[in-house]
Amino acid sequence: MTEYHAEIFLAVVGLMSAFFLSGRASADLVALAGLLILLGAGVLRSDEVLAGFSSPVTATLACTFIIAGALRNTGVVDSIAKRIHGFAGRHESRTVFAIMLVAAFFSAFMNNVAATALLMPTAASLTRSSRL
């Protein structure tokens, strides 16, 4: 079985990439399914599968997405987007500048990854509402 580990790994990564790009399933389910398939096929050991969860980066990203989702659900993201839209209007350069200012402000007080995760929904909302 060990001679096919590379092929199994590449096939699983290919399938995961296809699902990520198509958006047919949520990214967390695709990633978890990929880990379980690689574990079940013997490509990864259980300690290797769980090693990623012990990283502080993983915990930071998980918390960041939870906070970003909460801010989106409570309307904070839309509020920030409306303020930026009021300042920038439909001017692309002003919008980019305003988002950069808000990102710099957030980055002064929190992790850069967290600031980016918070502003990604805001930027998406702005581009939809401004038709940029």
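**Helix 7 and its packing partners**

Q: What is the hand of the crossing of helix 6 and helix 7?
A: The crossing is right-handed. That term applies if the near helix is turned clockwise from the far one by less than a right angle; anticlockwise is left-handed. Helices here are DSSP runs (H or I, at least four residues), numbered from the N terminus. This is a predicted model, with pLDDT of at least 70 needed for local features and 80 or more for side-chain atom pairs, while totals for chains, interfaces and linings use all residues. Residues are numbered from 1 along each chain, and side-chain values use heavy atoms, without hydrogens and water.

Q: Why is helix 6 called roughly antiparallel to helix 7?
A: Helix 6 (residues 92-109) and helix 7 (residues 112-130) pack at about 150 degrees, axes 9 Å apart. Angles run from 0 to 180 degrees between N-to-C directions. Over 145 is roughly antiparallel, under 35 roughly parallel, 65 to 115 roughly perpendicular, the rest oblique. So helix 6 is roughly antiparallel to helix 7.

Q: What makes helix 4 and helix 7 roughly parallel?
A: Helix 4 (residues 56-74) packs on helix 7 at about 30 degrees, with the axes 9 Å apart. The two are therefore roughly parallel. Their crossing is right-handed.

Q: Which residues of helix 4 and helix 7 meet?
A: Contact means heavy atoms within 4.5 Å. Leu61, Thr64, Ile67, Ala68, Leu71 and Arg72 of helix 4 meet Val113, Ala114, Ala117, Leu118 and Pro121 of helix 7.

Q: Which element has the lowest mean pLDDT?
A: Helix 7, at 80. pLDDT is the predictor's confidence in each residue, from 0 to 100. The chain averages 85.
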